[in-house]
Amino acid sequence: MTGWPEGLERLLTTDPRDVGCDTARAVLHVYVELLAAGIDAAEHYPGVASHLAACDACAEAADGLLAAVQDEGLHGGPQPG
Amino acid sequence: MKSEGSESLPQVRVVSPEVARENRAWVDDLSSNGDRREFASRRLYEVLLRAARAEVGRRAARLRLVGPEVDDIAHQAAADALLAICGKVETFRGDCKFTTWAYKFVIFDVAAKVNRHFWQRSGVAFDDDDWDRLPARLGIEPEAHAESRELMQAVHRAVDENLTAKQRIVFVALVLNGMPTDVLADQLGATQNAIYKMMFDARRKLRTALVDAGYLAEQQIA
Ligand SMILES: [Zn+2]
């Protein structure tokens, strides 16, 4: 094998733990705060981790959310009141 | 795939007292009236706009989108997210920083707007049935196309013989045409979750068919 079925393997491989978009999105804010704190979020939420590995839309959103949280960490968040 | 909610997700996480205080201030301010609410909304808008701009920038660079409409998207997304957040502020459970929860709205709003914009620009029809695109879409280098032809034909056959009409539409739109899931969901009047589930079942069926036909090895899952 020259390695070319890898893309196909990646596309067709499914994980029964995958929770789907709705469940992943419902906890994405908590998941991302764990990541930002250096905590193993995948260990706490294996079904969400599995989903993010397979769903580009949710993975991209998780990246964006993490970037926003980290940016706030760097610049100091807004103070309410 | 697990049915929705079947994974026992811890629902409430404990945040620090300082974060809890900040969160309560945001919720109280946004739930109040008059100047207090107005002032909090304006502050939140600035926070959302900053995140929206960063997110639009991140996505636009990848999709090679440029022009004034890119910054318009950031402003619209921040405004739409603010409206959604103010309407749902009582559903905030306090299991993270308020701003993290708020960012979630703006990130998904930016995604929807950028994806729609990207798709309109691409000029591709979601049901365009061009199977010559498959190797490139699977990341197969041009020099390996000849070698991969038999496998690609097997995939095409497996799609035709094993998928339902709906699953086939989803496969063609997402895989052959690179349509973003949220745009396809809008097009079909379905939720993203439903589209994902359809594609998940299609992926499983195709893999089984290709294993049975001897093209792929059995899946080894941890
Ligand atoms: Zn998803």
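A salt bridge is taken here as a side-chain nitrogen of Lys or Arg within 4 Å of a carboxyl oxygen of Asp or Glu. The model is predicted, with pLDDT of at least 70 needed for local features and 80 or more for side-chain atom pairs, whereas totals for chains, interfaces and linings use all residues. Residues are numbered from 1 along each chain as its sequence is written, chains are lettered from A in the order in which they are written, and side-chain values use heavy atoms, with hydrogens and water left out.

**View 1. The interface of chain A and chain B.** The contact (heavy atoms within 4.5 Å) takes 49 residues from chain A and 55 residues from chain B. About 4800 Å² is buried between the two chains, 60% of it on carbon and sulfur atoms, where buried area is the accessible area (1.4 Å probe) that two parts lose on being put together, summed over both. Five salt bridges are counted between chain A and chain B, and one salt bridge pairs A:Glu60 with B:Arg58, whose closest N and O atoms are 3.7 Å apart. The interface also holds 18 residue pairs in polar contact, both residues at pLDDT 80 or more; a polar contact is a pair of N or O atoms within 3.5 Å, of which, within protein, one must be able to donate a hydrogen and the other to accept it, and residues adjacent in sequence count only if both atoms are side-chain atoms.

**View 2. The side of chain A that touches chain B.** Helices and strands are DSSP runs numbered from the N terminus (helices H or I, at least four residues; strands E, at least two), and chain A has six helices and zero strands. Helix 6 of chain A gives the most to the side that touches chain B, with 11 residues. The residues of this side divide into 25 nonpolar, 13 polar and 11 charged, with Ala, Val, Leu, Ile, Met, Phe, Trp, Tyr, Cys and Pro counted as nonpolar, Asp, Glu, Lys and Arg as charged, and the others, Gly among them, as polar.

**View 3. Buried residues of chain A.** Of the 81 residues of chain A, 53% count as buried, a class set at under 20% relative accessible area, with exposed over 50% and partly exposed in between (1.4 Å probe, protein chains only). A:Val27, in the loop between helix 2 and helix 3 of chain A, is buried at a relative accessible area of 3%. A:Cys55 is buried at 3% relative accessibility, and A:Cys58 is buried with a relative accessible area of 1%.

**View 4. Salt bridges in chain B.** B:Arg53 and B:Asp71 meet through their side chains in a salt bridge (3.0 Å, N to O). Because B:Arg53 lies in helix 2 of chain B and B:Asp71 in helix 3 (residues 68-88), this pair ties together parts that are 18 residues apart in sequence. B:Arg53 is partly exposed, with a relative accessible area of 42%, as is B:Asp71, at 34%. In helix 4 (residues 98-122) of chain B, B:Asp109 and B:Lys113 lie four residues apart, about one turn of the helix, and the closest N and O atoms of their salt bridge are 2.5 Å apart. B:Asp109 is buried, with a relative accessible area of 18%, and B:Lys113 is buried at 12% relative accessibility.
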